[in-house]
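Here are my notes on this one, point by point. Have the model open while you read.

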Amino acid sequence: VLFRSIQKFTVIGLAACLSQTFVTSAMAQQRAGSEPRAARVGVATVKTEMQANFTDVQARAVAGPLDTVTASTNAIIVMQKHKVGDFVVPGQLLARQNSETLALKNSSLKIKIDETKVKLSDLYSEIESELKILKVAKAQAKLLAGKAERAEDQERDKLSLRFVQLNSRLAETNLKLLDISSDIAAEADLLNVSKAQATLLNGKASRAKELAAQNTLPIDAAETAVNASLTARLQVLSRESSISRKETLRKTTQILVDQIQAEIEQLKIDINVQPFEVAQTALNASLAAQVQVESRESSVERKRTQAKVLKLALNQYQDEARQTSIDIEEADLKSTSKGQITYLADYSRGFAREGEVIAKILDQESFEVEAEIPLDYVPFVQSVKALKARSLDGLNVDLKLRTVLPVQNVRNATRTVRFEFADKVPASLKAVNAVLVLQVPVSSPSQQVIVPKDAVLPLPGGHISSFTYHLKCIIKRRFIA
């Protein structure tokens, strides 16, 4: 029972006041003629400590994670003579699976492994032979390629010479074309002069004819003028004929230039693209050898890929064989931890699929305490290092806060809190839903006067405590609402 106090003092709890009561009672009895001895009363010192106020909150024990034993394969299972509630240790046999199918599968896998190894060995031998043939084929292809390259170089030199000759001819023809064009231009200028002269003389001849007709000019003079006009016209016609011939020559020369240019362009194509007739046979042989090399390389790569596939298959078979051996060894289903069986398959002999739960084992040291703590008290619980609790049989235990779960009860405004035992879990609390009463702090620590429990006398609706202060008997009574 705690009483708040402002000053620190020392009292002798219950001693003097009760002694006075018993002394008064003894004197009364002595006056009545009897002389009984006074009862002895113990004394204790009241202390002042920093403590918080506490309230009781009911909690329950919850189990930790279970260790499950599952079937390792699809097989018939024979259960051992265990029952729910039995205690087991690591490695203890719980059930036995039929491993005949696994043994047959393991034998089949070993046969596949041996067969794959033989195929892989033959394939490696073929790859080695192919590599030798490939080496010879590459040497032959290199030889034929050199031969074809030399023949091509010779033909290329011949075509290069032809290219030079055509360029020279083209230059010569271009000069001739330029000369013809110059002659045509000069002839055109002379033709214009001749046309002007012919026009002038034609006019003079026409006036001479008119004057002769009028007998103003002699006929000889008129004929001379007409003759001069005709001579000028003949000169114009001669100039036009010469220009026409030279124009034809120019066109012919231009055609020749175009032909030479076409030959040059075709020669460029022949030099860069077209296989030469001289080197065709050697080139075809070289190409055939190269195709053979590529075919051999493709065959080697294909067989290497097949070897990789066989290697993967071999590894897979070996892994399956190892796993099957492990499954055979694990046909005996054993416990992997120490604890108590809480679940067991309900048959003595039956069929279980892979992964099916055969047994569940609870570690007796994995129990925790779960309580619904009001929201207002959660901060005070988080501020203390340990809490006191007692079981229904009066056993006191120390608990430590482990975590505050993210679960809130909206009806009573509480949070679910998990505690762990500071020491080993007591035997009486190794049960799911075992009840405990927690002393939960409801305030921050403050100075409290600690009165020994034996100095408090219970009364209906409250309690009474007697103590002395400076040798004076004081009786304090406090009622609990």
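1. What percentage of the 481 residues of the protein count as buried? The figure is 30%, where buried is under 20% relative accessible area, exposed is over 50% and partly exposed lies in between (1.4 Å probe, protein chains only). Keep in mind that this is a predicted model, with local features needing pLDDT of at least 70 and side-chain atom pairs counted only at pLDDT 80 or more, while totals for chains, interfaces and linings use all residues. Numbering runs from 1 along each chain as its sequence is written, and side-chain values use heavy atoms, with hydrogens and water left out.

2. On the overall make-up, I get 5 helices and 21 strands, taken as DSSP runs numbered from the N terminus (helices H or I, at least four residues; strands E, at least two). The accessible surface is about 31400 Å², and 54% of that belongs to carbon and sulfur atoms (Shrake-Rupley, 1.4 Å probe). Of the contacts (heavy atoms within 4.5 Å) between residues at least 6 apart in sequence, 78% join residues at least 24 apart.

3. Phe421 is worth a click. Leaving aside residues up to four places away in sequence, Phe421 touches Phe367, Glu368, Val369, Val397, Asp398, Leu399, Pro426 and Leu429.

4. Strand E5 (residues 67-70) has Asp67 and Val69 on its covered face, with Thr68 and Thr70 on the uncovered one. In a regular strand, side chains alternate between the two faces of the sheet. E5 pairs antiparallel with strand E12 (residues 357-362) over 4 bridges (pairing takes at least two DSSP bridges), and Thr68 stands opposite Lys360 in E12.

5. Last, look at the open sheet of 4 strands, antiparallel, in the order E9-E8-E6-E11. Strand E9 (332-334) and strand E11 (349-352) are at the edges with a single partner strand each, so one side of each lacks a neighbour in the sheet. Inside the sheet, strand E6 (residues 75-79) pairs with strand E8 (residues 93-97) over 3 bridges, and Ile77 has Gln97 in E8 as its bridge partner.
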